[in-house]
Amino acid sequence: MKLNINGNTYQTGAEPNDLLLWVLRDELGLTGTKFGCGIGYCGSCTVHVDGKPMRACVTPVQAVQNKNIRTIEGLKKGETLHPVQQAFVDHQVLQCGWCMSGQMMQAAALLEQQPGISDEELLQGMSGNFCRCGSYVRIREAVLDAAKRVREGRS
């Protein structure tokens, strides 16, 4: 089975019902996508499929074959961090870091669809991603800063 991930084509030995999360992490070594709850609830495993956020822990690879998959490893362009990644660094959002790749992927998808996002829209759009450390205030500040950076065309 071939998968298009971060602009590259990978040939995998995955079975159609193997979960995308484990193919990414265990077979392809793309370990930035994290395992959280395993039931698609917490958002730690969020990746983009054709630009939309999707939970890799409940997604069989057959569902994403012939689609464009983007993981946290594919979020930056060259050596330049995505505005969301840079804002998370600048606002020192990360604590344990376990949910952060999913938080950043969810935020990036939101801002790519709606860079002029309001505070309320942001809260609603990020409400399905959970942080055990309770970094929600800094996550909110970073995403709003990233939205500003996206609107201004800078990272």
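Predicted model: local features only at pLDDT ≥ 70, side-chain atom pairs only at ≥ 80, totals over all residues.
1. Let's start with the cysteines. How many disulfides does a search of the whole structure find? The count is 0. As a reminder, a disulfide is a covalent bond between the sulfur atoms of two cysteines.

2. Take Cys42. Its closest cysteine sulfur sits in Cys37, at 3.9 Å. A disulfide here needs the two sulfur atoms within 2.5 Å, so the Cys42 sulfur is too far from that of Cys37 for a bond. Is Cys42 buried or exposed? Cys42 is buried, and its relative accessible area is 14%.

3. Now look at Cys133. For this residue, the closest cysteine sulfur belongs to Cys96, and the gap is 3.6 Å. That is again too far for a bond. Cys133 is partly exposed, with 30% relative accessible area.

4. Next, the backbone at Asn66. Have a look at the loop that runs between β4 (52-55) and β5 (68-70), as that is where you'll find Asn66. Its phi is near 65 degrees, which is a positive value in a residue other than glycine. Asn66 also counts as exposed, at 69% relative accessibility.

5. Finally, Gln92. Where does this residue lie? Gln92 is in the loop between α2 (83-90) and α3 (100-113). It isn't a glycine, yet its phi is positive, at about 50 degrees. With a relative accessible area of 59%, Gln92 is exposed.

Key
Residues numbered from 1 in each chain as written. Heavy atoms only, no water. Buried < 20%, exposed > 50% of the residue type's maximum accessible area, 1.4 Å probe, protein only. Helix = DSSP H or I, 4+ residues; strand = E, 2+ residues; numbered from the N terminus.
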